[in-house]
Amino acid sequence: MDIFNKMFGKNNVSSKTVAKERLRLVLVHDRANVSPQLLETLKEELIKVISKYTEIDNSALEVSINNSEHSVVLVANIPIRVRRSMNTVC
Amino acid sequence: MGEVIVVTSGKGGVGKTTTTANLGTALATLGYKVVLVDTDIGLRNLDVVMGLENRIVYDIVDVVEGVCKIKQALIKDKRYGSLYLLPAAQTKDKTAINSEQMKQLCGELKKDFDYVLIDCPAGIEQGFKNAIAGADKAIIVATPEVSSVRDADRIIGLLEAAEMDSPKLVINRLRPDMVKRGDMMDIDDMIEILAIDLLGVVPEDETIVISTNRGEPAVTDKNSKAGEAYRNIARRITGENVPLMNLTIENGFFQKLKKLIGLRDS
């Protein structure tokens, strides 16, 4: 079968694997009752709060919901802008 | 005192009514006293699937409103021993009944019956809330498709919130040929995602369409694969330990030949 798939240029990932992956993602959001819109709002507010204390890279900030072992976690990846010539903190 | 089991799914069209009709018929054939309750008010169908549509006089709303006694509304299905149907109303809507009334009704029914099977409407609104109100157990019907699994997951969450005892999964319309070529989620995938116990697997089977056309549940057809699967599930409900039926397809010479010349077996 594999050879046939390759011969006819079929995608190697089976459609059931795609289905499972998509379901996993959508169920994490459904179960936590967190919509993509809510995450977007959360992200904007996080930027506001953190920007008070340090300079962050707004465009690279990512907030997502992930499934870890037995719990669902909110993951925020917040890149901080680092300058070589740091001013002394007042 | 009998047991009230709700058959639910969230998504429509996955086989709740077919499952209710077949499990009820199978349980009655096994000698139990069974009543099927259609709670899909406004869109009743359990009556036609059972072939009892011409015998309806009173319905569930009449019972709840006190227009008639429960016994007057129950339709006895003479073909399968002790099987009864309490039909839904067709001209009213889901708000014609509330959860409290449904609880009372289920309480009354389980005094007289071994199994009270409730056919739940699609959706998560009042109709669903009514259907689960008086239930002791739940059967979730899901097909191996993303939309159905997603809705089933939501229903499981809602049942949990309603403190319903751990629901059991019936995987419906499984196609072993598609599973085999990786184009359909298999039994393990479904259990892994939904994280509930499996009660049974019903293969996609055209005898279901034929038996529904005739108004005779497939469990009465000895040659129906789906019917066999439903008979097995019914026995599991009664506590019997029945192994899953073998759904794998042999990769024989003809199947290989068919694939070679581009014919798909379906």
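Predicted model: local features only at pLDDT ≥ 70, side-chain atom pairs only at ≥ 80, totals over all residues.
Is Arg235(B) buried or exposed, or partly exposed? I started my notebook with this one, and Arg235(B) turns out to be partly exposed, with a relative accessible area of 29%.

**Entry 1: the partner of Arg235(B)**

I looked up what Arg235(B) pairs with, and found a salt bridge with Glu240(B), the closest N and O atoms being 2.7 Å apart. Glu240(B) is partly exposed too, at a relative accessible area of 38%.

**Entry 2: other salt bridges in chain B**

I searched the whole structure and got 21 salt bridges over all chains. I checked where the two partners sit: Glu204(B) is in the loop between strand 8 (197–203) and helix 10 (206–214) of chain B, while Arg173(B) is in strand 7 (residues 168–174), so the pair ties together parts that are 31 residues apart in sequence.

I then turned to Arg181(B), which forms a salt bridge with Asp183(B); their closest N and O atoms are 3.3 Å apart. Arg181(B) is partly exposed at 27% relative accessible area, and Asp183(B) is partly exposed at 30%.

**Entry 3: where chain A meets chain B**

How many residues does each chain bring to the contact? I read off 16 from chain B and 15 from chain A. The area buried between the two chains is about 1,400 Å², and carbon and sulfur atoms give 56% of it. On the chain B side, Val146(B), Arg150(B) and Ile193(B) supply 35% of the area that chain B buries against chain A, more than any other three residues.

Next I counted the polar side of the contact. There are 7 salt bridges between chain B and chain A, and 12 residue pairs in polar contact, both residues at pLDDT 80 or more. I also asked which helices of chain B take part: helix 7 (146–161), helix 9 (187–194) and helix 12 (253–260) each supply at least two residues of the side that touches chain A. The residues on that side of chain B divide into 7 nonpolar, 1 polar and 8 charged.

I picked out one salt bridge across the contact, in which the side chains of Arg24(A) and Glu192(B) meet at 2.7 Å, N to O. Both residues belong to a network of salt bridges that also links Lys16(A), Lys20(A), Glu21(A), Asp186(B) and Asp189(B).

**Entry 4: the nonpolar cores**

Last, I went inside. The largest nonpolar core has 90 residues, and those with the most contacts inside it are Val6(B), Val37(B), Ile60(B), Leu86(B), Leu109(B), Ile118(B) and Ile237(B). Helix 11 (residues 225–237) of chain B gives the largest share of this core, 6 residues.

I took a closer look at Ile60(B). Leaving aside its neighbours within four places in sequence, Ile60(B) is in contact with residues including Val37(B), Asp38(B), Thr39(B), Ile41(B), Leu86(B), Pro87(B), Ile97(B), Met102(B) and Leu105(B).

What of a second core? I found a separate one of 9 residues, among them Val28(A), Val34(A), Ile47(A) and Ile65(A).

Note on methods:
Residues numbered from 1 in each chain as written. Chains lettered and ligands numbered in written order. Heavy atoms only, no water. Core = buried A, V, L, I, M, F, W, Y, C linked by side-chain atoms within 4.5 Å. Buried < 20%, exposed > 50% of the residue type's maximum accessible area, 1.4 Å probe, protein only. Helix = DSSP H or I, 4+ residues; strand = E, 2+ residues; numbered from the N terminus. Contact = heavy atoms within 4.5 Å. Buried area = accessible area lost by both parts, 1.4 Å probe. Salt bridge = Lys/Arg side-chain N within 4 Å of Asp/Glu carboxyl O. Polar contact = N/O pair within 3.5 Å; in protein donor to acceptor, adjacent residues only side chain to side chain. Nonpolar A, V, L, I, M, F, W, Y, C, P; charged D, E, K, R; others polar.
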